Amino acid sequence: MSTPWQARIATEPAVYPETEAFWQAANEGRLLLKRCVDCGQFHWYPRAICPFCASDRTEWVQASGKAVVYSVTVSRKSGPVPYALAYVTLEEGVTMLSNIVECDLDAVRIGDAVELTFVSTAAGHAIPVFRPA
């Protein structure tokens, strides 16, 4: 059974060969990040070429799932279900755009600790989101 927030997921993720491992891991309840083998930097969004040193030697690494809210806004106008859209900075140092779920949306603050969870699309794909830790 889906929650009202899950009903907002209107499209399925686009899965390309370069991101297939990411989406497969998400369906298993894991968040993968790319890390450059040459410079050691994590980067988000997942891509084959390191944005820091241009190396093509990157690897998938499982993220801790721990993060801190960097920025957040609550939308109540774009549909019948309000939602929190946030940038979260993961323990590994990358900042990603996601949603904050399973909480009082008006209580979410910059600096709050959050943890990884997943919601499902209508077709059953897992989407990484975050909830208060």
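This is a predicted model: local features need pLDDT of at least 70, side-chain atom pairs count only at pLDDT 80 or more; totals for chains, interfaces and linings use all residues.
User: Where does Ala54 lie, and what is the value of its phi?

Analyst: As a general idea, most residues other than glycine have a negative phi, and most peptide bonds are trans. Ala54, which lies in the loop between S2 and S3, has a phi near 70°, a positive value in a residue that is not glycine. Glu102 also has a positive phi, of about 60°, although it is not a glycine; Glu102 is placed in the loop between S6 and S7 and, at 58% relative accessibility, counts as exposed.

User: Which peptide bond is cis?

Analyst: The bond from Trp44 to Tyr45 is cis, with omega near 20°, and Tyr45 lies in the loop between strand S2 (42–43) and strand S3 (58–62).

User: Stepping back to the chain, how many helices and strands does it have, and what pattern do they follow along the sequence?

Analyst: The chain has one helix and eight strands, and reading along the sequence gives the pattern α-β-β-β-β-β-β-β-β. The radius of gyration is 15 Å, close to the 14 Å that the globule rule gives for 133 residues, so the chain is as compact as a globular protein of that length. Taken along the principal axes, the box filled by the C-alpha atoms is roughly 45 × 35 × 25 Å.

User: What share of the residues is buried, and which residues have the most contacts inside the largest nonpolar core?

Analyst: In soluble globular proteins, nonpolar side chains tend to be buried together. Here 38% of the 133 residues count as buried, and the largest nonpolar core has 27 residues, with Leu31, Val88, Leu90, Ile100, Val114 and Phe130 having the most contacts inside it. At least two residues of this core come from each of H1, S4, strand S5 (83–90), strand S6 (95–100), strand S7 (113–120) and strand S8 (126–132). Leaving aside neighbours within four places in sequence, Leu90 is in contact with Leu31, Leu33, Lys66, Ala67, Met96 and Phe130.

User: What does Thr19 touch, not counting residues up to four places away in sequence?

Analyst: Thr19, in the segment before helix H1 (20–27), touches Ala14 and Pro46 when those residues are not counted, and at 14% relative accessibility Thr19 counts as buried. Ser75, in strand S4 (residues 66–75), is likewise read through its cover and partners: Ser75 is buried, with a relative accessible area of 18%, and, neighbours within four places in sequence aside, is in contact with Val81, Pro82 and Tyr83.

User: What is the accessible surface of the chain?

Analyst: The accessible surface comes to about 7,600 Å², and 52% of this belongs to carbon and sulfur atoms.

Terms used. Residues are numbered from 1 along each chain as its sequence is written. Side-chain values use heavy atoms; hydrogens and water are left out. Helices (H or I, at least four residues) and strands (E, at least two) are DSSP runs, numbered from the N terminus. The radius of gyration is taken over C-alpha atoms; the globule rule is 2.2 Å times the number of residues to the power 0.38. Buried means under 20% relative accessible area, exposed over 50%, partly exposed in between (1.4 Å probe, protein chains only). Accessible areas come from the Shrake-Rupley method with a 1.4 Å probe; for residues, only the protein chains shown count as cover. Contact means heavy atoms within 4.5 Å. A nonpolar core is a set of buried Ala, Val, Leu, Ile, Met, Phe, Trp, Tyr and Cys residues joined through side-chain atoms within 4.5 Å.
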